[in-house]
Amino acid sequence: MSNKTLTRRGVLKSGVGIGAGVALPTIFTASSASAFTNEPTGSSVTLGFNVPQTGPYADEGADELRAYELAVEHLNGGGDGGMLGTFSSKVLDGTGIMGKKVQYVSGDTQTKSDAARASAKSMIEKDGAIMITGGSSSGVAVAVQGLCQEAGVIFMAGLTHSNDTTGKDKKANGFRHFFNAYMSGAALAPVLEKLYGNDRRAYHLTADYTWGWTQQESIAAATEALGWETVENVLTPLAQTDFSSYIAPVLNAGADVLVLNHYGGNMVNSLTNAVQFGLREKQVNGKNFEIVVPLYSELMAKGAGANIKGIVGSQNWDWKLENERGDKYAGSNAFVKSFGEKYGFPPSQAAQTCYAQTLLYADAVQRAGSFNPCAVAEAMEDFEFDGLGNGPTTYRGADHQCFKDVLVVRGAENPSDEYNLVEIVEVTPVEQVTYAPDHPMFAGGALGSCNAGA
Amino acid sequence: MFGLDKKDLTLLLVVALLTLLAPFILNPFPTGSGLAQFNAGYPDLMQRFVIFGIFAIGFNILFGLTGYLSFGHAAFLGVGSYSAVWMFKLLSMNIIPAIVLSVIIAGLFALVIGYVSLRRSGIYFSILTLAFAQMSFALAYSVLTPITNGETGLQLTLDDPRILGASATADGSIPVTNLFGLEMRSAVNMALGPWNFTFSAGYYVCAVVMLLAFYLAIRIFRSPFGMMLRAIKSNQNRLNYTGLNSRPYTLAAFVISGMYAGLAGGLMASMDPLAGAERMQWTASGEVVLMTILGGAGTLIGPVLGAGMIKYFENIFSKINDNVLHGWFAWMPDGIEDLTVTLIHPFIGKGWHLTLGILFMLVVIFLPGGLVEGGQRIMRLFRRRKATEDDQTKAKQPAE
């Protein structure tokens with residue numbers, strides 16, 4: 001039995017219902033179609049700083065974050081301006097980027113590809129980050145670079161030294177300021193020859209991921225060209241904390257040089273183990289046993305303490321560079337000053353590369369006049385600059401790799417304080433570490449085309 | 001309807017409603033407000049909610065029904081991810097073949113591991129599964145590097161063959177995962193006043209798969225097979241003495257639950273085509289145990305809630321840094337502000353594990369039945385009549 005009586009209440013109810021239904025679409029204002037992912041529309045722009053806060057590279061991550069915070073402060077006109085004053089490009093004026101105030105979000109990569117991608121994704125999808133930067137592991141850098149390419153934002157690599165980042169796994173949206181394993185090999189080889197001669201047997205311990213593999217390959221190639229022999233290469237897991245079992249077989253193999261292709265906490269532990277085993281006092285084949293750590297940093301030197309004395313390696317930058325090697329490396333002192341004033345100690349090379357990357361991105365946006373990743377990438381490609389602490393530098397367009405001088409360093413024998421643990425042995429000029437974009441160690445990948453997303 | 005009784009149907013409909021409206025429910029705060037920090041309605045996290053929900057539902061079929069505690073379930077998730085990524089590399093970017101393969105491969109893996117592990121029960125079974133998972137992790141991490149790409153993780157490249165698709169798109173980039181042309185990455189934004197809601201294709205694909213998985217789990221729970229599994233949990237010896245061989249039942253439960261994990265892994269790779277070895281690490285296996293216990297082991301909805309809870313903490317609490325805290329407490333006098341921030345500091349950012357640990361302890365101590373028990377207690381407060389019913393169902397359970 002149906003009841004068709006119209007009541008006043010019923011009419012009112014359905015009237016309101018229909019009215020609301022009709023009005024509903026008008027409040028669904030679909031967000032305006034933007035030209036690219038996370039186009040900044042308000043008065044601010046958000047950058048995503050994705051660094052390891054836990055895991056073997058946590059120390060580097062903490063220093064990177066400090067540098068990013070400093071860079072944001074300087075871009076927004078705070079502090080003393082740091083390297084903005086020495087940077088050869090003068091378009092940045094302390095009013096943010098293109099007049100928009102710079103804000104940032106930070107995340108923890110945990111030095112795991114999965115976690116790093118999840119963190120970067122949430123920055124892009126939730127916080128609207130227009131650029132992602134950071135990372136202290138090449139595995140993570142390669143993974144996040146791939147993600148940024150897919151999502152259509154710029155990735156400014158932080159600490160990543162693997163050849164693959166701008167080689168096999170290079171991407172159009174990714175840029176690297178830091179040097180790479182090939183450059184380390186090219187810079188180290190002449191110094192190693194001078195110090196240890198042409199007749200050496202090297203034993204490699206290598207972190208088992210993209211960085212370790214390419215560094216081992218590069219160092220082995222460079223030293224074999226000198227006439228050295230590579231006795232063996234043993235891969236060690238990144239999560240390893242005790243290397244005793246890997247050190248023990250070194251002497252039995254008849255090697256007289258141990259190459260530690262380790263970084264961060266890994267290197268501190270493996271070097272400490274090696275020294276505890278008395279390797280450095282040993283005589284093999286009538287020669288002193290030597291240890292080489294191809295990629296070095298002040299933070300690692302600090303962690304390794306006295307064990308680092310006399311050990312040779314390479315660096316991208318050192319805070320003493322301008323003091324010792326003159327004005328060519330202008331910017332170093334300005335950066336050290338503002339970093340030191342804010343945090344009370346000199347910055348590491350990780351901090352410098354991250355600071356420089358942030359400034360380079362801001363500068364490219366400003367010069368391109370747009371946040372569009374494709375425009376930014378175009379502005380960055382083949383950009384020549386100076387005054388960021390590394391001397392004259394080129395961002396090569398063919399593989400998005402920076403080319404600049406490389407430092408060969410050695411653990412100081414009698415450090416005056418904990419900030420002078422590393423001494424600069426030589427600065428290898430950029431010509432000596434330059435290679436062709438299609439060099440076999442970098443072959444097998446393609447930049448693809450830039451992706452602006454949306 | 002669907003062969004379910006009224007209570008289960010209501011549950012299924014509630015879950016369906018919650019998942020389909022998740023973009024609204026998870027974004028309760030306007031975008032510009034300070035509380036937007038707590039919004040979880042962005043595609044990546046929503047996908048994680050439902051994918052780990054599937055993982056936990058599957059785990060619960062084994063742990064909740066048979067009582068066998070597997071500490072190596074992440075291995076199946078990892079295997080599923082690797083299979084799916086290989087499918088994207090070799091065959092096509094359509095997610096259907098990838099997901100099908102990942103379920104099959106994970107099922108085969110579970111068959112082999114289960115056949116060996118299930119010869120023991122209790123703690124020995126847990127240790128065996130843990131050992132297998134760690135072996136798989138070590139294999140993926142270093143030994144099988146050509147297949148898994150080790151620490152770097154398996155990724156798509158421009159020169160993959162992709163027989164049924166293109167190696168590269170016309171503009172020279174890697175094609176994206178899709179479902180017959182519907183790109184998993186595509187999303188529609190809807191601005192509603194100050195709110196902003198994102199509807200992602202990938203999320204809805206995951207949500208539909210999750211609902212199917214959930215429905216299947218209900219059917220398994222209510223089937224004679226499910227009853228047999230419960231019998232194993234309540235007293236396996238007694239069951240064996242009746243002359244019944246319980247091994248095939250436990251093995252079937254193990255394989256089904258492994259296939260669920262494989263499905264979750266395949267979906268994960270479909271949303272983001274990368275597979276890393278750390279997905280198989282023992283911490284990942286432990287995580288699903290936590291999810292299930294936190295939500296309520298042996299209940300239907302519990303594992304999904306637990307998965308959501310843990311993923312929320314992992315992704316939202318870990319993003320709160322001192323900067324954000326200073327923003328919140330800026331209204332306080334300087335000294336007190338700094339003190340408050342210092343006090344809260346260990347519990348946020350990288351300290352999210354600590355917060356989660358405390359929460360887990362509280363749940364286990366005060367709500368042994370997990371979040372579901374918490375919900376039931378609240379319900380009971382409001383509806384005394386329901387309470388008596390629950391007591392009756394309790395009384396019906398067999399005595400130990």
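Hi everyone, let's start in chain B: helices α1(B) and α8(B) cross in a right-handed way. Before I go on, please keep in mind that this is a predicted model.

So who sits at that crossing? From α1(B), the residues are B:Asp8, B:Leu12, B:Val15, B:Ala16, B:Thr19 and B:Leu20. Facing them from α8(B) are B:Ala207, B:Met210, B:Leu211, B:Phe214, B:Tyr215, B:Ile218 and B:Arg222. Sorted by class, the residues of this contact come out as ten nonpolar, one polar and two charged.

Now the geometry. Helix α1 covers residues 6-20 of chain B and helix α8 covers residues 201-222 of chain B. Their axes are 10 Å apart, and the packing angle is about 165°. Because angles over 145 degrees count that way, α1(B) is roughly antiparallel to α8(B).

Let's move over to chain A, and to its domains. Domain 1 of chain A is made of 44-179 + 324-404, while domain 2 of chain A takes in 182-315. How far apart do the C-alpha centres of these two domains of chain A lie? The answer is 29 Å.

The two domains do touch: 18 residues of domain 1 of chain A are in contact with 18 residues of domain 2 of chain A. On the domain 1 side, helices α2 (58-75), α4 (138-151) and α12 (349-368) of chain A each bring at least two residues to the contact with domain 2 of chain A. By class, that side of domain 1 of chain A has five nonpolar, nine polar and four charged residues.

Notes:
Residues are numbered from 1 along each chain as its sequence is written. Chains are lettered from A and ligands numbered from 1 in the order in which they are written. This is a predicted model: local features need pLDDT of at least 70, side-chain atom pairs count only at pLDDT 80 or more; totals for chains, interfaces and linings use all residues. Axes are lines fitted to C-alpha atoms, for helices over the stretch in contact, and angles run from 0 to 180 degrees between N-to-C directions. Helices (H or I, at least four residues) and strands (E, at least two) are DSSP runs, numbered from the N terminus. Angles under 35 degrees count as roughly parallel, over 145 as roughly antiparallel, 65 to 115 as roughly perpendicular and the rest as oblique. A crossing is left-handed if the near helix is turned anticlockwise from the far one by less than a right angle, and right-handed if clockwise. Two residues are in contact if their C-beta atoms, placed from the backbone, lie within 7 Å. Ala, Val, Leu, Ile, Met, Phe, Trp, Tyr, Cys and Pro count as nonpolar, Asp, Glu, Lys and Arg as charged, and the others, Gly among them, as polar. Domain bounds come from an automatic or database domain assignment.
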